[in-house]
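Student: Could you take me through the side-chain contacts of this model in one connected account, with the charged pairs and the aromatic pairs taken in turn?

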Amino acid sequence: MRKLRRFLVIPVLLSLALTAACGKEHHDDVVRIGVNDIALPHWDVFEKKAAEAGIKVEFTNFTDYNQPNPALSQGRVDLNKFQHIRYLANYNARNNDTLVPVGATEIYPLGLYSKKHKAVGEIPQGGEITLSNNPANQVRPLLNLAAAGLIVLRNGGSWDSKLEDVDKSASKVRLTTIDPPSPPPPWTAWTPPTSTTPGRGRPVSPTTRSSTPTTPTART
């Protein structure tokens, strides 16, 4: 745990989110981090900052979002970075696990993207918008689409809103759920695991955005 506390003093300006397994002590002098975006340049910065703090890190790259939490729970990594707090809560409930947040660091914007339209107002009546088929990742897109006037949520919408709460007859667009790419291609604007995309093209302007920090988490 002393090593973990030292590790977490690295500034949040590093723009990462970590999940930590505190229940199993790792006695090496290496902190093992599970990620799903190892090709991105911020990990080089992170590794350098960790070294400056006297901490050696080792990365394990996972190919889909179902792998990092079980690896953490089993003690195969000491930390992971990939999820927001609602995704974590859903994982714990489904798997009877006890991973808990240890902080919030990284914030991802949520955007609309289209190959056809340059503004939200150009999206036609009856147009189709895709979003993740994972219920844990649907509430942010739903609230943003409602704020943009593209859908209507019964009872006005809340952080408990579900796909079933969409009033289809009153909404401007149709919603279709899809599997998120695993892992996301580096050329897309997909933001794991919380993006909404009408198509992987240019951003629709003005872009509907929401910010939710990804969540460092610990096993109790």
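Tutor: What follows treats the salt bridges and then the aromatic pairs. This is a predicted model, in which local features need pLDDT of at least 70 and side-chain atom pairs count only at pLDDT 80 or more, while totals for chains, interfaces and linings use all residues. Residues are numbered from 1 along each chain as its sequence is written, and side-chain values use heavy atoms, with hydrogens and water left out.

Side chains of opposite charge can pair when their charged atoms come close. With a salt bridge taken as a side-chain nitrogen of Lys or Arg within 4 Å of a carboxyl oxygen of Asp or Glu, a search of the whole structure finds 2. One of them joins arginine 32 to aspartate 78, whose closest N and O atoms are 3.0 Å apart. This pair links distant parts of the chain, since arginine 32 belongs to strand β2 (residues 30–35) and aspartate 78 to the loop between α3 (68–73) and β4 (79–80), 46 residues apart; helices (H or I, at least four residues) and strands (E, at least two) are DSSP runs numbered from the N terminus. Arginine 32 has a relative accessible area of 16% and aspartate 78 one of 10%, so each counts as buried, a word that means under 20% relative accessible area, with exposed over 50% and partly exposed in between (1.4 Å probe, protein chains only).

Lysine 81 and aspartate 37 form a salt bridge as well, with their closest N and O atoms 2.6 Å apart. Because lysine 81 lies in the loop between β4 and α4 (85–95) and aspartate 37 in the loop between β2 and α2 (42–52), the pair ties together parts that are 44 residues apart in sequence, and both residues are buried.

Turning to the rings, those of Phe, Tyr and Trp (its six-membered ring) pair if their centres lie within 6.5 Å, and planes under 30 degrees apart count as stacked, over 60 as edge-to-face and the rest as tilted. The whole structure holds 4 aromatic pairs. Among them, tryptophan 43 and phenylalanine 46 are edge-to-face, because their planes stand at 85° with the ring centres 5.5 Å apart. Both lie in helix α2, 3 residues apart, about one turn of the helix, and they are buried, at 1% relative accessibility for tryptophan 43 and 2% for phenylalanine 46. Tyrosine 65 and phenylalanine 82 form a stacked pair, 6.4 Å centre to centre with 10° between the planes, and both are buried. Finally, Trp43 and Phe46 form one aromatic cluster with Phe59.
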